[in-house]
Amino acid sequence: MLTFALAAAPATATGQSRDRIYTYQKGQVVDFLFLNQKPGTEQALKEYFGTVFPIAKDAGYTPLPGFRIRQSPTQGNYHPDVLAIASWRSQESRNQAMRAIDNQVPNFHQRRSDIWSTFNMTVYTMQQDVSFAVSEDKLYTLTAYWQEPGSRFGKFKQKWLRETRQAGGQIQLELEDGTSPFGYRYDPDYMAITEWESPAAFKKFNQENLAMDHGSVQHVNQFILDLVPGKK
């Protein structure tokens with residue numbers, strides 16, 4: 001399930017004024033990629049893009065503006081350098097692209113391993129037209145929770161949402177029911193992007209969040225997201 005805070009619009013991602021708007025249509029598929037690139041792989045990355053991207057784009061792949069993750073994680077032990085985001089017209093177009101890439105680029109997965117030290121992926125299917133926005137003068141965090149099996153995680157999540165809103169956080173995006181391709185497992189039970197007015201507002205909330213009862217939480221990742229500057 002996916003729920004967004006803003007109204008829907010045609011599928012695109014653009015920078016207008018100080019806002020970057022992400023909008024998707026029902027039936028589209030969105031990839032969230034958490035990446036760490038190895039040093040000295042710039043040429044290999046260029047060749048990878050030149051080989052793989054044309055095949056993917058023919059099947060409906062659209063890369064979207066992503067985020068840098070420069071600061072140490074505020075929760076959890078994983079620190080990707082980048083959150084990349086991409087969309088597909090449909091699950092079938094994505095499947096078609098993967099089949100074509102596997103056939104035309106036999107060392108596809110090995111090339112990824114040679115370029116990235118971590119390449120974690122979650123894939124979500126849009127159940128409705130959805131949209132969210134980010135602005136250069138706000139702070140954004142991504143929080144991912146894995147629930148403890150058999151626990152009352154839903155109660156924890158509702159308390160987390162309530163505490164977030166009371167602290168002034170605006171939930172821009174909620175993600176559930178994602179899947180990961182074989183070999184790229186990153187499958188939190190709940191993931192959210194939250195907007196904060198300032199670092200101080202988030203810092204205050206984070207102290208309260210850490211004091212919550214996490215008995216129903218198996219694992220957590222939380223990152224501060226930095227916008228990649230758009231073209232002027």
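**Close-up views of the predicted model**

**View 1. Contacts between helices H1 and H3.** From H1, Ala44, Leu45, Glu47, Tyr48, Thr51 and Val52 meet Phe108, Arg111, Arg112 and Ile115 of H3 (contact: heavy atoms within 4.5 Å; helices: DSSP runs H or I of at least four residues, strands: E of at least two, numbered from the N terminus). This is a predicted model, in which local features need pLDDT of at least 70 and side-chain atom pairs count only at pLDDT 80 or more, while totals for chains, interfaces and linings use all residues. Residues are numbered from 1 along each chain as its sequence is written, and side-chain values use heavy atoms, with hydrogens and water left out.

**View 2. Packing angle of H1 and H3.** H1 (residues 42-58) and H3 (residues 108-115) pack at about 150 degrees, their axes 10 Å apart (axes are lines fitted to C-alpha atoms over the stretch in contact; angles run from 0 to 180 degrees between N-to-C directions). H1 is therefore roughly antiparallel to H3 (angles over 145 degrees).

**View 3. The largest nonpolar core.** This core has 28 residues, and Tyr24, Phe32, Phe34, Leu83, Ile85, Leu142 and Leu225 have the most contacts inside it (core: buried Ala, Val, Leu, Ile, Met, Phe, Trp, Tyr and Cys joined through side-chain atoms within 4.5 Å; buried: under 20% relative accessible area, 1.4 Å probe, protein chains only). Strand E9 (residues 139-147) supplies the largest share, 4 residues. A second, separate core of 25 residues includes Tyr48, Ala56, Ala86 and Ile115.

**View 4. The segment of residues 1-17.** Here pLDDT stays under 50 (the predictor's confidence in each residue, from 0 to 100). The protein's mean pLDDT is 89. Where pLDDT is low, the predicted coordinates should not be read in detail.

Note on methods: Buried means under 20% relative accessible area, exposed over 50%, partly exposed in between (1.4 Å probe, protein chains only). Angles under 35 degrees count as roughly parallel, over 145 as roughly antiparallel, 65 to 115 as roughly perpendicular and the rest as oblique.
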